[in-house]
Every structure is written in C-alpha cells, then in structure tokens.
Amino acid sequence: MVLHPMRQQVLRHSCGVWARLLQSRGCVYSSAHGFNQDEIREKLQAFPGGSIDLLKQESGVAVLTINNPSRMNAFSGSMMVDLEERVSQLECWTDGKGLIVQGAAGTFCSGSDLNAVRAISNPQDGMKMCMFMQNTLTRLLRLPLISVAVVEGRALGGGAELLTACDFRLVAPGSVIQFVHKHMGLVPGWGGAARLVRVVGSQHALKLLAGTLKVDPDLGLQIGLADGVLASEEAGTPLHQAENWLSRYTKGPAPVIRAVKKVVLSGRELPLSDALRTEKDVFGTVWGGPANLQALASKSKHK
C-alpha cells in the first residue's frame, strides 16, 4: 500500500511524539537523579535464582511468567534484572496487542526474596533497587499493550505491587492479595502505593496499606482491585480463561489496539493540553489506515 505523503508525515511525527513520551516519562529515574542502572544491575545479578519467562504468541498476546516456585515466586536479584530485560523486549514488539502476567505453579508472587533483600539492606543499595524496580514497573504499565495479571494463590508485598502495574486483574477462587509491607517495617517501594491509589482510591488504599488487609476475590471486586474472578479448572486453565477474557479487548488489528492504549495512557498521565495533542497525533496514525478503510467499506460502525 502506498501512503499519501501527508499520512507519512503524520506517522513520522506521531512516532516521534510517542518516543519522546516514553523517553521522558517511561523511566522515572535517570542519571540526573543519581541513578546508575548498570551499577544496580550488577549488584542484583549477584543474587541469582528463578527466572522471568516471556512467550510472545502469534495471536499478539504475550505471556510473562514469574518462575521461582521453590520460593513462592519471590523475586531474586537476577529476576529483577530479567523483568527489566523482558519489558525491553516487549517495548520493541510492534505486533503485540496484549500481555498476561502470571506466576508459575499455582501462585502469583510473594514479593522479594529475603536473601537478596538482607544482602542489600543498607539504605543506599535499597534506594537504588527501589528506583530500578519503579522504572521497570512504570515501563511495564506504559507498554502499548493491554495487560492483565492472573492472580492464583498469593500475591504478597512486591507481588501485590506488581499486579498494580497491569491494566486489569483477574483473581482465582481462594487467592489472596496482601500489601504486607507494614509487617516488614516498610512501605511499598516499587511504585505500588501510588498505583494502588489510582486503582482503588485513597481511602481503600489507606486501609489496605495501614491495615495490611487480606483481599479475597469478593473484597477485590468490591473495591475495584479485581476485574473478574476465574471459574473452576473445569472451565479451562487460568491462563486459557485469561486469554478468553482478554480477547474482547485485543480483538482487531494491532495498530488500533495499541493506539487505544496510547490515548488512554496519555489521558491518564499528561496534562489535558498535552494529552489532546498526543491523541490527535495517535489518531493520525490510524485515520485512513487499512483498518479504518476496511471498516468504512463494510459499514461496520453499528455492528
């Protein structure tokens, strides 16, 4: 297909706008904040164990698996580095539309591996780890993919923070989400508190953090932390159910789905005038595109 010169110009301009949005807002911390990513990566790699596995499917939906079952899928240092690398891969996946985040072996994630935490318990290294994980989870949330966390078993501490970096959350019967940070003499440090307020509101967030409440599926639905409850295994595996649930939002051409996520992201995070300009630019990438022309030809507006 040959693009009209004006459309080519809009596409180039829009890509530039989105790239600047990711560069300026994709990472919260940079060298200007005294953050050296290579330095903290080297420290974290010294505490191996487990893995973060990524499967990119032809459907355009990827599956990210937190895999450290012997420690209830707790994050080792090397897993934190793995996660950052997987997010980088997803940022370059131009055919992607959706992302499912799950834990291996029937549980989601129990937070940080205490062996690694104890080893970097001094304030300086703790702050660097905090900045590293905030950057990574912020980039995860800002991916132009519609994401859903599948919560089986327990999501504790950093695991609870991780699920707030997804657009949606599906919970299995019997699962528990708990921000246990107060029990550890801490507050969330991976951006979980700020994101939780945006998901459930400040009153519910205060109760969950100060009361270390155990959120079961019923309470999750009530306060908006959960978007749905999985059925029994007879209805299919949790992953299969999540793929079916997500398909209603990822059905259609990748450029359109990614554009939807981009305009919602800009509306959530940018001042109104900037969000409007970004929406205009993203609109320009799909107006007159293949999906738009096909819809016009088939008169699918009212289907």
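**Note on helix packing, cores and confidence**

1. Helix α7 (residues 192–200) packs against helix α8 (residues 202–210) at an angle of about 130 degrees, and their axes are 7 Å apart. That makes α7 oblique to α8. Angles under 35 degrees count as roughly parallel, over 145 as roughly antiparallel, 65 to 115 as roughly perpendicular, and the rest as oblique. Axes are lines fitted to C-alpha atoms, for helices over the stretch in contact; angles run from 0 to 180 degrees between N-to-C directions. Helices (H or I, at least four residues) and strands (E, at least two) are DSSP runs, numbered from the N terminus.

2. This is a predicted model, in which local features need pLDDT of at least 70 and side-chain atom pairs count only at pLDDT 80 or more, while totals for chains, interfaces and linings use all residues. Residues are numbered from 1 along each chain as its sequence is written, and side-chain values use heavy atoms, with hydrogens and water left out.

3. Which residues join α7 to α8? On α7 they are A193, L196, V197 and V200. On α8 they are S202, H204, A205, L208 and L209. Contact here means heavy atoms within 4.5 Å.

4. Helix α2 (residues 37–45) packs against α5, with axes that come within 10 Å and cross at roughly 105 degrees. The two helices are therefore roughly perpendicular to each other. From α2, the residues Q37, E39, I40, R41, K43 and L44 take part. They meet D125, K128, M129 and F132 of α5.

5. α2 also packs against helix α3 (residues 77–91), at about 135 degrees and with the axes 6 Å apart. α2 and α3 are therefore oblique to each other. Q37, R41, L44 and Q45 of α2 meet G77, S78, M80, V81, E84 and E85 of α3.

6. Now the cores. A nonpolar core is a set of buried Ala, Val, Leu, Ile, Met, Phe, Trp, Tyr and Cys residues joined through side-chain atoms within 4.5 Å. The largest one has 48 residues, of which I66, F75, L99, F108, I177 and L225 touch the most other members. Apart from it lies another core, of twelve residues, including V61, V150, L170 and L246.

7. Is S147 buried or exposed? S147 is buried, as its relative accessible area is 2%. Buried means under 20% relative accessible area, exposed over 50%, and partly exposed in between (1.4 Å probe, protein chains only). S147 sits in strand β4 (residues 146–151). Beyond its neighbours within four places in sequence, S147 contacts L99, A165, C166, D167 and F168.

8. G126, in helix α5 (residues 123–141), counts as partly exposed at 23% relative accessibility. Its C-alpha atom is 9.3 Å from that of G189, 63 residues apart along the chain. G158 belongs to helix α6 (residues 158–163) and counts as buried at 8%. Leaving aside neighbours within four places in sequence, G158 is in contact with G111, H181 and W190.

9. Finally, confidence. pLDDT is the predictor's confidence in each residue, from 0 to 100. The protein averages 91, and 90% of the residues score at least 70. Strand β2 (residues 61–67) has the highest mean, 99, and helix α1 (residues 5–25) the lowest, 47. Over residues 10–20 the pLDDT is below 50. Where pLDDT is low, the predicted coordinates should not be read in detail.
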